[in-house]
Each structure stands twice: as C-alpha cells, then as structure tokens.
Amino acid sequence: MIDQIKQIRAELEAVTTATPEEVEALRIKYLSKKGAISALMNDFRNVPAEQKRELGQALNELKNFATEHINALREAAEACCGCDDALDLTRSAAPVNIGTRHPLSLVREQIIDIFRRLGFTIAEGPEVEDDWHVFESLNFAPDHPARDMQDTFFINRQPDVLLRTHTSSVQTRVMTSQKPPIRIICPGRVYRNEAISARAHCFFHQVEALYIDKNVTFADLRQTLLYFAREMFGPQTDIRLRPSYFPFTEPSAEMDISCDLCGGKGCSFCKGTGWVEILGCGMVDPAVLEACGIDSKEYSGFALGMGIERITNLKYRVKDLRLFSENDIRFLDEFTAAH
Ligand code: DAH
C-alpha cells in the first residue's frame, strides 16, 4: 500500500497546470467516493494492526496533499482570463460615453449649411501661408500694421512664411486657380499674436465667403447677408450695414444684427444700441481681382468674413473664449442637446 500512496502522490505532483475540465477529472479520479484515494481508505480496514499507525498517517497526508493540490490547480485555472469559465455573458456591458460635437463645429456646420443652400461650395487653404496670399494680393500696403510681428506669427522672414491671420487668403488661392463664376465658403483656423484672455486668443476660427461672377452688385451682397442672418438667428432678425474699411474690398462694410436678447430695444449685451456687430464684408477691390488674374472689367464680386467664436458667443452666450480650447468636459457636455 505504501507504494500505491507514493505513486499517487507522484502522479499528482506531475500535474502543474490544468484546465477547469482537467481539474474536475483529477478530482473525480482521486478524491471522489469511487476515486483512488477512497479505494485505499477502504483497503485500510484490512491492513494488519501493526501497520495501521504508519499507513494511516501516510494516507491522511496523501489525502490532504491531493485536496490542496487540486484546489490550487482549480484556482489557477479560474484566474486564467482566456478560459471560457471566466467569461460572464450575463454581465451588462461597460457603458459607452458618446461624445458631443464641439460648439464651434456645430456653428461652423450651421454656417456652411446656410451658404450651401445658396450654391456655395467649400474651399480650403493652408494655415501656413506666404505673404503674397495673406497680405500682398489682398492689397495690404507694405507698411500695413497687420504685417507687423506684433500681429502676425512669422515662421520665416525673407521669404516670409507665416501663419495666416485670416481666411481671406483662401480667396486668393481660389481666384488664382479657378475661373469665375466662383461661389465658395472657406472655414478655417487663423492665428494672431495676441495675449490670451477671456476676449482674445492667439488662434480662432473664421468663415470666409466669396462670390465672383458677371454683374455681381452690392444688392446681391446685402440680400445674401439678410438671408444668412435670418437663417442663423431667426426670421425676426434685422441687419444694418455700416461703412468700414478693409484693404481688399471697396466699398467695405460691417454688418450688425438686431440684438436678439432685447429685440433691438437696447440692453447691456448690445451696450444699449440694439445692435451687435457680426461680420465684415464688401465688394472685392478690382485691384485684388487683377492681382489674381481676373478681368475686373468683366467680373465683379463680393466677399465677407466672420469669426466663428463670435457667432457662437451670440448663439450660446459663451462669455470666455478660453473655454473653447480648454477641453473641459463639463463645458462641452452642455452642447449634447444641440446635436
Ligand atoms: N479678413 C477680415 C478679418 O480677418 C474679415 C473680412 C472682412 C473678410 C471683410 C472679408 C471681408 O472677406 O470682405 O478681419
């Protein structure tokens, strides 16, 4: 019997890993009522009295060892993540957090959508630009302050490589590569060398629109602006054009919309005027058309440009510009309903 005990122990010691099924098979083979160890226990009754003490002790040790060894193998098998038994198919899945659209993206899409309905298509240009596309072609005098290091981020001087300060550069890119009629809308990021505060940032976003064809007049511009303002801010919205100056448009104007907080009566938001400024616009200066190879006697056009942050502030009353780029989920989550 002592040989059988030693042999069973050796067999068990040889098993160092097992699947859950194999562990169960071992348990049945050695520890169940009909198993090998129980059979030895039964035989123990017939053992001569003088051997009982020694064999009894050995048998007990074997049983304890087998129980502990098989339990340890079972624990190891269950901890193994690849095993089928570790998969609980009834467990509910981990919640998936659906993100929100960024408010600037929401507003950009709304602006694009309104102009798309008027037949405008999207055009894009590079953020790293040269002086000609950002300034010279657009009629900026060589000593114009916008060309100053104070306002513009230069990557290289002579030849000048810079970060575009406005999306008007896309106008020139399109005018030099396409023939009229041109009807484009250009959304994009622009950069200016400003200290970051609640009201200014070193990068922000603009949308530019450009329409060039035969006989385009200021009346077309005005009607386009009115359509845009009413689609964006509601049918009750009025617009007002104030004379202004931009190097690349002549005449130039700035557009105000009636303040939708006070309905035009005057409040703290519109500083008592009843109007809030939203964009710059004008008729494309003939010098700009000519610089881009378009015959200014045959063609005319209008351009307009607006800040997406500004429109977003008007729609959603975001008081601090920095919120747009801080990626604070608490802020971004507020726009879940605006999908
Ligand atoms: N580029 C101007 C700016 O960044 C905005 C602008 C004004 C664009 C008048 C235009 C325009 O197309 O006609 O301030």
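How far does a polar side-chain atom of Q206 lie from an oxygen atom of the ligand? The views below start there. This is a predicted model: local features need pLDDT of at least 70, side-chain atom pairs count only at pLDDT 80 or more, and totals for chains, interfaces and linings use all residues. Residues are numbered from 1 along each chain as its sequence is written, and side-chain values use heavy atoms, with hydrogens and water left out.

View 1. The Q206 atom lies 2.9 Å from the ligand oxygen. In E208, a side-chain N or O atom is 2.6 Å from an oxygen atom of the ligand. L304 uses its backbone: an N or O atom there lies 3.4 Å from a ligand oxygen. A polar contact is a pair of N or O atoms within 3.5 Å; within protein, one must be able to donate a hydrogen and the other to accept it, and residues adjacent in sequence count only if both atoms are side-chain atoms. Taken alone, the ligand exposes 350 Å², and the protein buries 88% of that (Shrake-Rupley method, 1.4 Å probe; for residues, only the protein chains shown count as cover).

**View 2. The shell around the ligand.** The ligand is surrounded by 15 residues (a heavy atom within 4 Å). The closest are H166, S168, R192, Q206 and E208. Elements giving two or more residues to this shell are α7 (168-177), β6 (203-213), β9 (275-284) and β10 (300-307). Helices (H or I, at least four residues) and strands (E, at least two) are DSSP runs, numbered from the N terminus.

View 3. Seven strands form an open sheet in the order β1-β5-β6-β10-β9-β8-β7, with mixed pairing. Strands pair if DSSP finds at least two bridges between them. β1 (121-122) and β7 (239-246) stand at the edges with a single partner strand each, so one side of each has no neighbour in the sheet.

**View 4. The β7-β8 hairpin.** β7 and β8 form a hairpin with two residues between them. The two strands run antiparallel, joined by seven bridges. R240 stands opposite D256 in β8. I239 stands opposite I257 in β8.

**View 5. Helix α8 on the sheet.** Helix α8 (residues 218-233) packs on the sheet and touches β7, β8, β9 and β10 (contact means heavy atoms within 4.5 Å). Its direction makes about 150° with that of β9. Axes are lines fitted to C-alpha atoms, for helices over the stretch in contact, and angles run from 0 to 180 degrees between N-to-C directions.
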